[in-house]
Amino acid sequence: MTVLYRCKAPTNLVCRCGKVARRLESLEIEFDEVRVPFLKRDRPEVEELSGQRWVPVLVHDGEVIYDSHRILEYLDWVERRRAEA
């Protein structure tokens, strides 16, 4: 199961959360989205998962990854593993 905790931006074109969502879609990884409140203080579930309150946060195969750059690096690694299999 894959879950993307992300902001409430209406499209995938204006924020880092959208960049991660586009990458997941390009890899054909099915995922659920959890749109979190705008104010960081109202994101306790994000803090419980990652120890911080920024989004995006990706939960994939039991791994919790935060920071869009780290998530994209992780997804590149996932893609390489698929290619090797």
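Biologist: Is E28 buried or exposed?

Modeller: E28 is exposed, with a relative accessible area of 72%. Here buried means under 20% relative accessible area, exposed over 50%, and partly exposed in between, using a 1.4 Å probe and protein chains only. Bear in mind that this is a predicted model, where local features need pLDDT of at least 70, side-chain atom pairs count only at pLDDT 80 or more, and totals for chains, interfaces and linings use all residues. Residues are numbered from 1 along each chain as its sequence is written, and side-chain values use heavy atoms, with hydrogens and water left out.

Biologist: Got it. Where does E28 lie, and what is its phi?

Modeller: E28 lies in the loop between α1 and β2 (32–35), and its phi is near 55°, a positive value in a residue other than glycine. Most residues other than glycine have a negative phi. Helices (H or I, at least four residues) and strands (E, at least two) are DSSP runs, numbered from the N terminus.

Biologist: And what about D67, what is its phi?

Modeller: Phi of D67 is near 85°, also positive in a residue that isn't glycine. D67 sits in the loop between β4 (63–66) and α3, and at 35% relative accessibility it counts as partly exposed.

Biologist: Which peptide bond is cis?

Modeller: The one from V55 to P56, with omega near 10°. P56 is in the loop between α2 (44–50) and β3 (57–60). Most peptide bonds are trans.

Biologist: New topic: how many residues of β1 are buried?

Modeller: In β1 (residues 2–6), 5 of its 5 residues are buried. T2, L4 and R6 point one way, while V3 and Y5 point the other way.

Biologist: Which way does β1 run relative to β3?

Modeller: β1 and β3 run antiparallel, joined by 4 bridges; strands count as paired if DSSP finds at least two bridges between them. T2 stands opposite H60 in β3. With β2, β1 pairs in the parallel sense over 4 bridges, and there L4 has E33 as its bridge partner.

Biologist: L4 again! What does it touch?

Modeller: Leaving aside neighbours within four places in sequence, L4 is in contact (heavy atoms within 4.5 Å) with residues including C17, V20, L24, F31 and L58.

Biologist: How many residues are in the largest nonpolar core?

Modeller: It has 14, and those with the most contacts inside it are L4, L24, L58 and L75. Such a core is a set of buried Ala, Val, Leu, Ile, Met, Phe, Trp, Tyr and Cys residues joined through side-chain atoms within 4.5 Å. α3 (68–84) gives the most to this core, with 5 residues.
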